[in-house]
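Have a look at it first, then read on.

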Amino acid sequence: MYVLDTNVFIDAANAYYAFDLAPGYWVFLVQLFDSHHAVSVKSVFDELGEAGDGDPLKDWARTHKQHFVAPDSRVVACYQRVIAWAKNNYELPAVVEFQRVADSWIVAHALARGWVVVTHEKSAPRSKRRIKIPDACVALGVECLNPFMMFRDRKSTRLNSSHI
């Protein structure tokens, strides 16, 4: 199961997979959600909801709100582990920002469920001022891919399963 970061939605909508140019991308995401191969988290939904009224991505997220999952007790326990790791490795402002945005919850959900994080973020392991999702994933033993790697993974899975 993949858990999608906010930037997977925002970058696509604002650049290469705009709703009017590539509607198939959004159909693909819904298919991943509906087939239980992907989710996102409530805090990502909240971040997408910060856009202005009439924003197509905000409207899309509202339509698919059921695919943005809330944390349960297992996720909350993992969230505490994620934040403890962050506090032991980063400066306080970085930890505060990591807690403020969806990133820490994305990692906690993946850690709790054995999910794969999907993000456009790039690793910056020497940074002490900003916590990057891939670095948190490496430190906590969570797999992390970019969206294009996820697409390739899903394509090969579909191809392999169709020949079985």
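How many helices and strands does the secondary structure of the chain come to?

1. I get nine helices and five strands, taking DSSP runs numbered from the N terminus (H or I, at least four residues, for helices; E, at least two, for strands). Along the sequence the pattern reads β-α-α-β-α-α-β-α-α-α-β-α-β-α.

2. Some ground rules: this is a predicted model, where local features need pLDDT of at least 70 and side-chain atom pairs pLDDT 80 or more, while totals for chains, interfaces and linings use all residues. Residues are numbered from 1 along each chain as its sequence is written, and side-chain values use heavy atoms, leaving out hydrogens and water.

3. Confidence: pLDDT (the predictor's confidence in each residue, from 0 to 100) averages 92 over the chain, and 94% of the residues score at least 70. Residues 158–164 are the stretch to watch: pLDDT stays under 50 there, and the model gives them one contact beyond four places in sequence. Where pLDDT is low, predicted coordinates should not be read in detail.

4. Of contacts (heavy atoms within 4.5 Å) between residues at least 6 apart in sequence, 74% join residues at least 24 apart.
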